[in-house]
Amino acid sequence: MTAHLQDLEVHLPDRPGALADLGQALGRAGVSLEGGGAFTHDGLALAHYLVDNGPLALQAATEAQLGPAIIRDVAMTRLDQETPGQLGALASRLGDAGVNVLVQYSDHVGNLVLVVAEQHSKACRDVLIRWENR
């Protein structure tokens, strides 16, 4: 059975050890991280991780009391790593379809992970199906 992967977004405090606190909370809960990262900009630390158990990850992050957390569904596809311009080409198709990409990163095996607004999910899936069948 394939796991239903989701994106965990956590607004972390901008302080040393906050990422460790999140990682330890997720580890204690048995949540596997399949990709993602954390970024700090203008005093806001934001973590996005692809997780194998969204509800459990959300519970662990919430109980750690690091900051607001949310789980979202993701869309995933592959880019041809040997062909320059793949991200731009796909992003152009998504933009033309009215899809606003909220977050983009890669998983551990090189899949492109996209988080889009819920109202854009169907349009995103349609673009990705055409992308994969081109």
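Guide: Welcome! Helices (H or I, at least four residues) are DSSP runs numbered from the N terminus, and their axes are lines fitted to C-alpha atoms over the stretch in contact, with angles from 0 to 180 degrees between N-to-C directions. This is a predicted model, where local features need pLDDT of at least 70 and side-chain atom pairs count only at pLDDT 80 or more. Residues are numbered from 1 along each chain, and side-chain values use heavy atoms.

Visitor: Why is α1 called oblique to α2?

Guide: Helix α1 (residues 18–29) packs against helix α2 (residues 54–63) at about 130°, with axes 9 Å apart. Under 35 degrees is roughly parallel, over 145 roughly antiparallel, 65 to 115 roughly perpendicular and the rest oblique, so α1 is oblique to α2.

Visitor: Which residues of α1 and α2 meet?

Guide: With contact meaning heavy atoms within 4.5 Å, L22, A25, L26 and A29 in α1 meet L56, A57, A60 and A61 in α2. Ala and Leu are among the residues that count as nonpolar, and this contact has eight nonpolar, no polar and no charged residues.

Visitor: What makes α3 and α4 oblique to each other?

Guide: Helix α3 (residues 86–96) and helix α4 (residues 121–132) pack at about 135°, their axes 9 Å apart. That angle is therefore oblique too.

Visitor: Which residues of α3 and α4 meet?

Guide: Q86, A89, L90, R93 and L94 in α3 meet C124, V127, L128, R130 and W131 in α4. They divide into seven nonpolar, one polar and two charged.

Visitor: How do you know that R134 lies over the face of W131?

Guide: The rule asks for NZ of Lys or CZ of Arg within 6 Å of the ring centre and within 35 degrees of the ring normal. R134 lies over the face of W131, at 3.7 Å from the ring centre.

Methods:
Helix = DSSP H or I, 4+ residues; strand = E, 2+ residues; numbered from the N terminus.
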